[in-house]
Amino acid sequence: MDFLNEKGLFIFKELKKHCKDKLKMMEIDDYELAMLANSFEVYGRVAKMCNEEGFSNSHDQIRAEYTVMKSEYANILKHSSKFGLNPGDRAKFFKGLDGKEKKKGFDLSMKVA
């Protein structure tokens, strides 16, 4: 994941730890998870910039950074659900698994290595 900076790599590792504990992750999922981590990092960096410098420039126009921040937030919302990053999404995942997998004797508490 050479496109991730140090903060992005930290976010990626935290997201991957969450996903390994909760979901059946495969190596192929790492790339999309890295893109999500990158969106989190970019959002955080430009949000900090906008908070320090304001949302508009001296001509009362919206800063480009604010537009980037909004775009990354939309990416985060769109892709976070795929990885169960909020309680509602996790409930949907496990509600669906609950009926199907229990019939097969699958232990939902089992962690994926």
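Select Arg-45 to begin: in this predicted model its relative accessible area is 42%, and the residue is therefore classed as partly exposed, a term for values between the limits of buried (under 20% relative accessible area) and exposed (over 50%), computed with a 1.4 Å probe on protein chains only. Glu-41 counts as buried, at 6% relative accessibility. Both residues lie in helix α2, 4 residues apart, or about one turn of the helix, where helices are DSSP runs (H or I, at least four residues) numbered from the N terminus.

Residues are numbered from 1 along each chain as its sequence is written. Local features need pLDDT of at least 70, side-chain atom pairs count only at pLDDT 80 or more, totals for chains, interfaces and linings use all residues, and side-chain values use heavy atoms, with hydrogens and water left out.

Next, select Glu-32 and Lys-82, whose side chains form a salt bridge at 2.8 Å, N to O. This pair links distant parts of the chain, 50 residues apart, with Glu-32 in helix α2 (residues 29-53) and Lys-82 in the loop between α3 (64-80) and α4 (87-103). Glu-32 is partly exposed at 26%, and Lys-82 is partly exposed at 42%.

Finally, select Glu-53, Arg-63 and Glu-65, which are linked in a network of salt bridges. Within it, the side chains of Arg-63 and Glu-65 meet at 3.3 Å, N to O; Arg-63 is buried at 14%, while Glu-65 counts as partly exposed at 22%.

Conventions
Salt bridge = Lys/Arg side-chain N within 4 Å of Asp/Glu carboxyl O. Helix = DSSP H or I, 4+ residues; strand = E, 2+ residues; numbered from the N terminus.
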